[in-house]
Amino acid sequence: MKRNRFTDIDRALKELQESISRLRGVDTAEIGRRVDTFRRELYEGISRWGSIELSRHAQRPGTDEFIAGIFSRFTELRGDRLTEDDPAVVGGPAFLDDMPVMVVGHRRRTPGKKDYVHYHYGMASPSGHHKALRLYRLAEKFRRPLVTFVDTPGAYPVPEAEDRGQAFSIARCIQALASLRTPIVACIVGEAGSGGALALGFGDRIIMLENAFYSAISPEGYSSIVFKDPSKREQAAETLRGTGRDLYAFGIVDHLVKEPVGGAHNDPARVVRDVGSAVRAFLEELTRFPVDDLVKARSAVIERLVPTHASRS
């Protein structure tokens, strides 16, 4: 393929499978098996840019679907108590079976719709980060474990957001996550870009979907800056190596959720169920540890990633 259009090819093959299955009076078992085998081989050889295409798929399950499928009695809390309510961040108290938890995530769209513009494509402004910070503190206050869902290209890149302290609001979120006295499980479920992802994407355990992509910059941005050519996004994606498979192999994430052939949108219920199982297992593990030990472990991770001045000298 000169241009990587995995999603288009897989959709065509899936439609072919469905058409074959509807044929009457013809033994289609062998044909169907060959098409299925080809789909699996295509998926196993997917490029990193192909994974990014899947992480952005319009029918990929988002935070709302994960909340509805994993938790019960979710109550959305709105507003940052400072300026406004940012629709790109959704969160509130919920129950994981009988365990009270706090859930926070990026919202890219209304389920079943393509109203991305209303939610800024899941890109949070300082108000969204202040809302997340408020919910983090409530989780700590009421001793509820925190579960986050990351699905954003990055922080909202408009002058007004910068004027209101975008970088500072992200830094405050990261600082809060590092010191929060309650267990934290972060789930990387789609695109996870730059500081906007870090504001929700750090915790005691990190779960990541196979085709999610977590990187400091988008492939388009990387290719524009480094290669001076935005069309080299596929090459940039290979350089960044930010898929769930990559980061699990590097030991950066703790659990990799395998996606169905063709991506999470082909069986969202299964993906939501698998993420829920991983969240349950990690929270059962983390609630056994003293909170002081969890905070110390997070601090050790940060010290390895960002050495102090003393350790550098």
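Modeller: Cys-187 counts as buried, because its relative accessibility is 1%; buried means under 20% relative accessible area, exposed over 50% and partly exposed in between, with a 1.4 Å probe and protein chains only. Before we go further, this is a predicted model, in which local features need pLDDT of at least 70 and side-chain atom pairs count only at pLDDT 80 or more, while totals for chains, interfaces and linings use all residues. Residues are numbered from 1 along each chain as its sequence is written, and side-chain values use heavy atoms, leaving out hydrogens and water.

The sulfur of Cys-187 has its closest cysteine sulfur in Cys-173, but at 17 Å that is too far for a bond. Cys-173 counts as buried too, with a relative accessibility of 0%. A search of the whole structure for disulfides finds 0, a disulfide being a pair of cysteine sulfur atoms within 2.5 Å.

Now for the strand around Cys-187. In β4, Cys-187 is the bridge partner of Phe-149. Helices (H or I, at least four residues) and strands (E, at least two) are DSSP runs numbered from the N terminus. Two strands count as paired if DSSP finds at least two bridges between them. Strand β3 (residues 146–152) runs parallel to β4 and is joined to it by 6 bridges. With strand β5 (residues 205–209), β4 pairs in the parallel sense over 4 bridges, and Ile-188 stands opposite Met-208 in β5. Strand β6 (residues 213–215) also pairs with β4 in the parallel sense, over 3 bridges; there Tyr-214 is the bridge partner of Ala-192.

Rings of Phe, Tyr and Trp (its six-membered ring) pair if their centres lie within 6.5 Å; planes under 30 degrees apart count as stacked, over 60 as edge-to-face and the rest as tilted. By this rule there are 4 aromatic pairs. In one of them, Phe-71 and Phe-149 have ring centres 6.3 Å apart and planes at 80 degrees, so this pair is edge-to-face. It links distant parts of the chain, since Phe-71 belongs to the loop between α4 (63–70) and β1 (89–96) and Phe-149 to strand β3, 78 residues apart. Phe-71 and Phe-149 are both buried. Another pair, Tyr-116 and Tyr-121, is stacked, because the ring centres are 5.3 Å apart and the planes are at 10 degrees. Tyr-116 is buried, with a relative accessible area of 13%, whereas Tyr-121 counts as partly exposed at 38% relative accessibility. Phe-66, Phe-71 and Phe-149 together form one aromatic cluster.

A nonpolar core is a set of buried Ala, Val, Leu, Ile, Met, Phe, Trp, Tyr and Cys residues joined through side-chain atoms within 4.5 Å. The largest nonpolar core has 58 residues, and Phe-71, Tyr-136, Phe-149 and Val-275 touch the most other members. Helix α12 (residues 268–286) gives the most to this core, with 8 residues. Another core, of 9 residues, lies apart from it, with Phe-6, Ile-20, Val-35 and Tyr-43 among its members. In soluble globular proteins, nonpolar side chains tend to be buried together.

Tyr-136 also brings us back to the other cysteine. Leaving out residues up to four places away in sequence, the contacts of Tyr-136 (heavy atoms within 4.5 Å) include Cys-173, Val-104, Leu-146, Thr-148 and Ala-199.

Finally, two stops farther along our walk. Ala-124, in the loop between β2 (99–106) and α5 (126–141), counts as buried at 2% relative accessibility. Among the residues that Ala-124 touches, again leaving out those up to four places away, are Asp-86, His-129, Tyr-156 and Gln-166. Arg-81 lies in the loop between α4 and β1 and is exposed, with a relative accessible area of 69%.
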